[in-house]
Amino acid sequence: MAEPVIAVAGLTKRFGPVLAVDGLDFSVDEGQVCGLLGPNGAGKSTTLRVLVGLVFADAGQVRLLGRPVRPGDAVLARAGTMIEESAFAPYLSGARNLRLWWEAGGRRWEDADAETALAVADLGSAIDRKVKTYSQGMKQRLGLARALLSAPDVLVLDEPTSGLDPGEMREVRQLLRRVSERGATVLLSSHLLAEVEQVCDHVVVMDKGKLVAAGPVQQLIGASGSVYLEVTNVRRATSTLKKVKGVTRVTPEPPGLAVELDGVKRSEVVAALVHAGVGVETVTTRHRLEDAFLGLVGEE
Ligand SMILES: Nc1ncnc2c1ncn2[C@@H]1O[C@H](COP(=O)(O)OP(=O)(O)O)[C@@H](O)[C@H]1O
Ligand SMILES: [Mg+2]
């Protein structure tokens, strides 16, 4: 097996009394579009900053393309990043902004992969318009184009879809797909489950600096392993459900119950409750990613 493009092991980062990242482990394989999902304050930005050498870890290891990340390491030149909100000169065109930014890094414009970056960002003739006329989505795409100028093998993007409307999000999604089709690996953060579901093929869920769940999005969605119920009598429902074959766990989640199922139909569970004289008011199917993420968002 090839080494993962991104490998994070035991990553820990403290800011004074705040433990921003707490023993985090995950990896991203070549060609994946992986979402780092978690509520605000989960430690996503800190993790990405360590990955691109902007912040030192207190403990743990972070490897990028097979090399340990150290500020100034040459491996960082193979990563395209969008970590801070992309700032552009509003009165200059998108194209001019890209070129000035590239040259400010002491590089020659002829060496930039402008063709790919512009094709992927797909701004058309708008690239020659002043940035101040751009929508949020267009600025985001310009930021992505900037991250692509160095023809990176890996893209690290902090909340690249934040503030976009559904149409703009679709554009960013297509853009990231084009990037991954070119063979690049993408790690992006988001605090919205729906965004990650739409944009990513893999997901790493974190909260309070710790790993909550990780895996292919389809696998986490597809294994519809649980159901949320609201019932007239929680206590009786709990004792009844615990006797139903295929119910692996019953967890109180006021005002209802979360019930994990393995090889038993929702309808059988509801029938068992009704048979025991418990009224069922709400039945909601959940998939595992939702389970993993639920409750986290409520704490924001
Ligand atoms: N430079 C910093 N100084 C002090 N605390 C920080 C700093 N950066 C982040 N934090 C704290 O670390 C925690 C994680 O923050 P962050 O990584 O930005 O989370 P996220 O990106 O998931 O919202 C938060 O409690 C935040 O306030
Ligand atoms: Mg953040």
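Which residues does Ala42 touch, not counting residues up to four places away in sequence? In this predicted model, Ala42 touches Ala20, Met206, Asp207, Lys208 and Gly209. The sections below begin with the chain as a whole and then return to Ala42 and other selected residues.

## Overall architecture

The chain contains 10 helices and 14 strands. Its C-alpha trace spans about 75 × 40 × 40 Å along the principal axes. The chain is divided into domain 1, covering residues 6-221, and domain 2, covering residues 225-297. The centres of domain 1 and domain 2, taken over C-alpha atoms, are separated by 38 Å.

Of the 300 residues in the chain, 47% are buried. When contacts between residues at least 6 apart in sequence are considered, 68% of them join residues at least 24 apart.

## Surface and charge

The accessible surface of the chain amounts to about 14,600 Å², and carbon and sulfur atoms contribute 50% of this area. The chain carries 35 positive and 37 negative charges, and the mean positions of the two sets are 2 Å apart.

## Ala42 and helix α1

Ala42 is placed in the loop between β3 (33-37) and α1 (44-51). Its relative accessibility is 1%, so Ala42 counts as buried, the limit being under 20%. Val205 is 163 residues away from Ala42 along the chain, yet the C-alpha atoms of the two are separated by 9.4 Å. The contacts of Ala42 include Met206, Asp207, Lys208 and Gly209, as well as Ala20.

Six of the eight residues of α1 are buried, so the helix is largely enclosed by the rest of the structure. These buried residues are Lys44, Thr46, Thr47, Leu48, Val50 and Leu51. Gly53 follows α1 and has a positive phi, near 80°.

## Helix α2 and its cover

Helix α2 comprises residues 94-104, and its buried residues are Gly94, Asn97, Leu98 and Trp102. Viewed down the axis of α2, these buried residues fall within an arc of 125°, so they line one face of the helix. The cover over the buried residues of α2 includes α3 (114-121) and α4 (136-148). Gly106 follows α2, with a positive phi near 75°.

Arg146 provides a view of α4, the helix in which it is placed. With a relative accessible area of 16%, Arg146 is buried. Leaving out residues up to four places away in sequence, Arg146 touches Ser86, Ala87, Phe88, Leu98 and Trp101. One of these contacts, Leu98, is also among the buried residues of α2.

## Leu241 in helix α8

Leu241 lies in helix α8, which spans residues 234-242. At 0% relative accessibility, Leu241 counts as buried. Apart from neighbours within four places in sequence, Leu241 is in contact with Leu229, Val247, Val250, Leu257, Val259, Val269 and Leu273.

Leu241 and Ala272 are 31 residues apart in sequence, while their C-alpha atoms are 7.6 Å apart in space. Among the contacts of Leu241, Val247 and Val250 fall within the range of β12 (247-253), and Leu257 and Val259 within that of β13 (256-261).

## Backbone features in loops

Most residues other than glycine have a negative phi, and most peptide bonds are trans. Against this background, Leu65 and Glu159 are two points of interest for their phi values. Phi of Leu65 is positive, near 50°, and this residue is located in the loop between β4 (59-64) and β5 (67-68). Glu159 likewise has a positive phi near 50°, and lies in the loop between β7 (154-157) and α5 (166-181).

The two residues can also be described by their accessibility. Leu65, at 21% relative accessibility, counts as partly exposed, whereas Glu159, at 16%, counts as buried. The cut-off that separates these classes is 20% relative accessible area.

A further backbone feature is the cis peptide bond that joins Pro254 and Pro255, with omega at about 5°. Pro255 is found in the loop between β12 and β13.

Conventions: Residues are numbered from 1 along each chain as its sequence is written. Chains are lettered from A and ligands numbered from 1 in the order in which they are written. This is a predicted model: local features need pLDDT of at least 70, side-chain atom pairs count only at pLDDT 80 or more; totals for chains, interfaces and linings use all residues. Side-chain values use heavy atoms; hydrogens and water are left out. Helices (H or I, at least four residues) and strands (E, at least two) are DSSP runs, numbered from the N terminus. Buried means under 20% relative accessible area, exposed over 50%, partly exposed in between (1.4 Å probe, protein chains only). Contact means heavy atoms within 4.5 Å. Accessible areas come from the Shrake-Rupley method with a 1.4 Å probe; for residues, only the protein chains shown count as cover. Lys and Arg count as positive and Asp and Glu as negative; His and the chain ends are not counted. The place of a charge is taken as NZ of Lys, CZ of Arg, CG of Asp or CD of Glu. Domain bounds come from an automatic or database domain assignment. The arc is that of the directions from the helix axis to the C-beta atoms.
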